[in-house]
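I begin with the terms and then go through the entries in order.

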Amino acid sequence: MFKRILKYLLIALAIVALAAIWPAYTVYRELQKSASDDPLVWQQDIADLEQNAVAQPGAVLFVGSSSIRLWASLHEDMTPFDAVQRGFGGAKINDVIFYANRLFAAEAPAAIVIFVGTNDVVPGAARQPTELLTAYRQMIAAIRKIHIDVPIYYIAITPSILRWEVWPLASAANQLIAAEAVADESLHVIDTGPALLLDGEPNPDYYVLDGLHLSEPGYQVWRNIIRDRLLSDLGAP
């Protein structure tokens, strides 16, 4: 009897340990794929989104990298909007462009919210701000082939502890993209960066242990800023 109990206890502990490490392993695999410039590495991720993140008319599409995918409370946080979560961890702007026809497929969405670009500005392999501006323009053009006048909200690249050394480049890209959006009334930039800082540096309370992804309090910062902006611009559905 004791051996049987011990066996079940060990199995239970193994399951708990696996559950604890699986999210970290998933993020690790995503970061590995993000190092590739071949968008085909995301084929299965996009197919999964097509199957599981179906949009009803009037929904708000949330598209982008792991910060969108990992936003566990997105649907609750965006109430009363119908939020559709189409994030795939490690995505870069060119990946979103490549899969635009599938990522942005929806009937009459109320708005599109995008967070992508942070994986384009990494230590040792950072794209220049002007390159990111060009990629942003290409992404908007790809979306406009699908949705002519749907409001598009671009969440500016956020600061992070892990990539703080390249923040000047990311910040410069944000400024170029914000200036670009001013000329088009259907384009908007939501800058959450200042709210994530403390004394001019990333606030550790807003990040998980990897120093890159947002913690629950960090997502609440996003919620307050993004939801309020959507309500202000679009009104309650």
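**Terms and model.** I count two strands as paired if DSSP finds at least two bridges between them, and I take helices (H or I, at least four residues) and strands (E, at least two) as DSSP runs numbered from the N terminus. The model is predicted, so local features need pLDDT of at least 70 and side-chain atom pairs count only at pLDDT 80 or more, while totals for chains, interfaces and linings use all residues. Residues are numbered from 1 along each chain as its sequence is written, and side-chain values use heavy atoms, with hydrogens and water left out.

**Sheet.** I looked up strand β4 (residues 152-155) and found that it pairs with β5 in the parallel sense over four bridges; within this pair, I155 has I190 of β5 as its bridge partner. The two strands belong to an open sheet of five, in the order β2-β1-β3-β4-β5, with parallel pairing. I noted that β2 (83-87) and β5 (187-190) are at the edges with a single partner strand each, so one side of each has no neighbour in the sheet. From one strand to the next, the twist averages 20°.

**Helix on the sheet.** Helix α8 (residues 167-182) packs on the sheet and touches β4 and β5, where contact means heavy atoms within 4.5 Å. I read an angle of about 145° between the directions of α8 and β5, with axes fitted as lines to C-alpha atoms, for helices over the stretch in contact, and angles running from 0 to 180 degrees between N-to-C directions.

**S65.** This residue is in the loop between β1 (60-64) and α3 (66-69). I list S65 as buried because its relative accessibility is 1% (buried is under 20% relative accessible area, exposed over 50%, partly exposed in between, with a 1.4 Å probe and protein chains only). Not counting residues up to four places away in sequence, S65 touches residues including G87, F88, F115 and N119.

**S160.** I found S160 in the loop between β4 and α8, and at 5% relative accessibility S160 is also buried. A polar atom of its side chain lies 3.2 Å from the backbone nitrogen of R163. Beyond four places in sequence, S160 touches P202, Y207, G211 and L212.

**E201.** Which residues is E201 in contact with, leaving aside its neighbours within four places in sequence? I found W164 and L196. E201 is in strand β7 (residues 201-202) and counts as partly exposed at 46% relative accessibility. Its C-alpha is 8.5 Å from that of S160, although E201 and S160 are 41 residues apart in sequence.

Definitions and conventions. Polar contact = N/O pair within 3.5 Å; in protein donor to acceptor, adjacent residues only side chain to side chain.
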